[in-house]
Amino acid sequence: MDKARILLLDAAPGELMARELDRLLGHGLAVTLNLRRVTDRTGTRDVWGDRVEFTDFDAFDESALTAAAVRGGEGHDALKSRAGVPLRAGFLAAATDPALVRPLRVIGRAGAGTDHVELAAAARHGVTVTHTPGSNAGAVAEFALAQLLALTRDLPAHNTSAHLGVWRAPAAPAVQLSELTLGIVGLGRIGSALAARAVALGMDVQGLSRQHRAGPPARPVRSLTALLTTSDVVSLHLPLTAATRGLIGRAELALMRPGSILLNTARGGIVDEQAQALADALRDPGHPLAAAAVDTFAHEHAAFESPLFGLPNALLTPHVAGMTRSAMSTAALHCADHIAALLGDRPDGIPVVRA
């Protein structure tokens, strides 16, 4: 058989795409690039047309995704995703059909989270799932601090007023970060990176890990309840699993300190967003939660919707916390290396996610 073939559902954006394609081609892979999210499609065809094959489809449409993956009976050895395209049991069954010339063997995620992949189905069909943990830790930690500063200094409202020519002074003095206690739920790479940065800014930092441990510079807390009741700011940095889905609901939000802030750059499903718990809390002037910043939602991309729409104390962003040039470059190149290693039966040291 000739070169192993990989389908790029979404290449790294802008100038980073060239680095990613060069890396994959340098590993001897045959690349099929989905142009749907490429800004300059004509230019991309002109530059890469003699080295790369092209397709153009909506990867969030499972029927279109399946058709592209099986490619008229040929198939692909590997698939790379960046934006969290859902890869469910039906797709995995079709993409690994033994009748294909190239049944799917490897899925690579340029990022840390893999909740978009039905891992049990992937294992059942013999598909190895790899990702790039830690590639965006610094970027997400910085973004969480940006969320916090925007909310504590009321930047969105001041910006809106200034653009209208209104000189809007604060109704009351803002708090400095050094006056606040930050509680971090999840002390993996991102949570630890945030803790270090927050301490450098003078914040008192405490944390809760899945093993109920914390380390420098975060003080350990015994439980989620203890963290929620003693933190002015709560920042979530957990993967979405059966154990963490709905972790923050009505009861947990009610435990928070008066005037507190919730930050979610992890996964939408960790907070009870769609069931209105968070929106109801933010609408209630008597609720202890004063504001929230949310970068991840239960429904994203074309299906983007949330009960938080229109709430002035909800700072909403479209899952961009990890999208810095450095983070995305690292994720794309490491993902390419991991996929090539797994396709070449060199699994040693490659991060693999299992159900």
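Start by selecting Ala-78 and Val-106: Ala-78 stands opposite Val-106, which belongs to strand S5. Keep in mind as you click around that this is a predicted model.

**Stop 1: the sheet around that pair**

Now widen the selection to strand S4 (residues 78-81) and S5. The two run parallel and are joined by four bridges. Zoom out and you'll find that they belong to an open sheet of seven strands, ordered S3-S2-S1-S4-S5-S6-S14, with mixed pairing. Go to the edges next: strand S3 (53-55) and strand S14 (352-353) each have a single partner strand, so one side of each has no neighbour in the sheet.

**Stop 2: helices on this sheet**

Select residues 16-26, which is helix H1. Helix H1 packs on the sheet and touches S1, strand S2 (30-34) and S4. Its direction makes about 150° with that of S2. Then pick helix H12 (residues 325-343), which also packs on the sheet, touching S1, S4, S5, strand S6 (128-130) and S14. The direction of H12 makes about 165° with that of S5.

**Stop 3: a salt bridge**

Show the side chains of Arg-102 and Asp-2. They form a salt bridge, and their closest N and O atoms are 2.1 Å apart. Arg-102 sits in the loop between helix H4 (89-95) and strand S5 (106-109), while Asp-2 is in the segment before strand S1 (5-8), so this pair ties together parts that are 100 residues apart in sequence. The count of salt bridges comes to 20.

**Stop 4: another sheet**

Move on to an open sheet of seven strands with parallel pairing, in the order S9-S8-S7-S10-S11-S12-S13. At its edges are strand S9 (219-220) and strand S13 (314-316), each with a single partner strand, so one side of each is left without a neighbour in the sheet. Inside this sheet, select strand S11 (residues 260-264) and strand S12 (residues 289-294), which pair in the parallel sense over five bridges. Click Leu-263, and look for its bridge partner in S12: that's Ala-293. Helix H8 (residues 189-200) packs on the sheet, touching strand S7 (181-185), strand S8 (204-208) and strand S10 (233-236).

**Stop 5: two helices crossing**

The crossing is right-handed. Which residues of H6 and H8 meet here? Among them are Ala-137, Val-140 and Leu-145 in H6, and Ile-190, Ala-193 and Leu-194 in H8. The contact's residues divide into eight nonpolar, one polar and three charged.

Note on methods:
Residues are numbered from 1 along each chain as its sequence is written. This is a predicted model: local features need pLDDT of at least 70, side-chain atom pairs count only at pLDDT 80 or more; totals for chains, interfaces and linings use all residues. Side-chain values use heavy atoms; hydrogens and water are left out. Two strands pair if DSSP finds at least two bridges between them. Contact means heavy atoms within 4.5 Å. Axes are lines fitted to C-alpha atoms, for helices over the stretch in contact, and angles run from 0 to 180 degrees between N-to-C directions. A crossing is left-handed if the near helix is turned anticlockwise from the far one by less than a right angle, and right-handed if clockwise. Ala, Val, Leu, Ile, Met, Phe, Trp, Tyr, Cys and Pro count as nonpolar, Asp, Glu, Lys and Arg as charged, and the others, Gly among them, as polar. A salt bridge is a side-chain nitrogen of Lys or Arg within 4 Å of a carboxyl oxygen of Asp or Glu.
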